[in-house]
Amino acid sequence: MKIAIIYDSNTGNTKELALAIKDALKGYEVVYCDKPGDVIPKADIYFIGSWTDKGDTSNKIKAVLKDLHDQKIAYFATAGFNGDGYYKRLFLRAKINIPDDNEILGHFYCQGKMPMAVRERYEALIKANPDDQKLMVSISNFDEALSHPNHDDIDNVKKWALEMVE
Ligand SMILES: Cc1cc2nc3c(=O)[nH]c(=O)nc-3n(C[C@H](O)[C@H](O)[C@H](O)COP(=O)(O)O)c2cc1C
């Protein structure tokens with residue numbers, strides 16, 4: 001069985017998941033594991049990974065998804081925020097880009113650390129609005145994200161990848 005893993009990753013979190021998937025699937029023929037290229041190789045299953053950009057799939061991955069037809073797709077992503085409900089909403093948005101003639105095998109999400117500049121922005125806003133509870137939640141979420149993807153995330157994405165091909 002041929003596997004292609006195509007991912008977009010600015011700061012490395014989604015790439016970490018992609019490499020973990022490649023490692024989990026070393027018993028299979030992984031024909032591609034890289035960012036989107038000009039030619040997407042033929043594969044039996046396409047693992048497509050994105051970081052979350054303003055509540056949505058990255059533009060590069062949207063373009064990849066829109067071009068896939070009659071394929072089996074397993075979608076994975078990292079996001080700064082967490083929560084099952086949040087991930088469900090994100091995946092509904094991601095799905096809009098997948099043409100109906102494909103088969104979606106499943107999806108996987110976990111948190112991914114964000115650049116320190118994001119925390120600095122929250123801190124500046126809190127100085128101006130010290131009672132803003134939403135900002136406090138954002139800061140604690142930022143701190144929670146710092147350790148992700150962690151060992152559990154990597155184990156979980158490996159298990160998920162194997163489920164997708166079995
Ligand atoms: C410009 C920008 C916008 C982002 N927007 C969101 C967002 O709307 N929701 C979210 O959960 N995370 C958001 N994030 C966080 C990233 O999706 C998260 O840190 C992800 O793990 C980055 O993956 P990467 O390391 O593969 O690039 C944003 C990050 C950046 C830099």
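The model is predicted: local features need pLDDT of at least 70, side-chain atom pairs count only at pLDDT 80 or more, and totals for chains, interfaces and linings use all residues. Residue numbers start from 1 along each chain as its sequence is written.

**Domains.** The protein is divided into two parts, with bounds from an automatic or database domain assignment. The table lists them.

| Domain | Residues |
|---|---|
| domain 1 | 2–113 + 148–165 |
| domain 2 | 115–147 |

Their centres, taken over C-alpha atoms, lie 28 Å apart. Eight residues from domain 1 and six residues from domain 2 form the contact, where contact means C-beta atoms, placed from the backbone, within 7 Å. On the domain 1 side, one residue is nonpolar, six are polar and one is charged. Here Ala, Val, Leu, Ile, Met, Phe, Trp, Tyr, Cys and Pro count as nonpolar, Asp, Glu, Lys and Arg as charged, and the others, Gly among them, as polar.

**Ligand shell.** The ligand is surrounded by 19 residues, each with its C-beta atom, placed from the backbone, within 6 Å. The closest are Ser9, Thr14, Trp51, Gly80 and Gly112. Helix α1 (13–24) and strands β3 (45–53) and β5 (72–79) each give two or more residues. Helices (H or I, at least four residues) and strands (E, at least two) are DSSP runs, numbered from the N terminus. By class, the shell has four nonpolar, 11 polar and four charged residues.

**Nonpolar core.** The largest core has 35 residues. A core joins buried Ala, Val, Leu, Ile, Met, Phe, Trp, Tyr and Cys residues through C-beta atoms within 7 Å. Buried means 20 or more other C-beta atoms within 10 Å; exposed means 12 or fewer, and partly exposed lies in between, with C-beta atoms placed from the backbone. Strand β5 gives the largest share, six residues. Ile48 and Phe76 are among the members that touch the most others.

Ile48 is in strand β3. Ile48 counts as buried because it has 27 C-beta neighbours inside 10 Å. Beyond four places in sequence, its contacts are Ile6, Ile61, Val64, Leu65, Ile73 and Tyr75. The C-alpha atoms of Ile48 and Phe76 are 6.1 Å apart, although 28 residues separate them along the chain.

**Helix α1.** Its buried residues include Asn13, Lys15, Glu16 and Leu17. The buried residues of α1 pack against β1, β2, β3, β5 and α6.

Definitions and conventions. Two residues are in contact if their C-beta atoms, placed from the backbone, lie within 7 Å.
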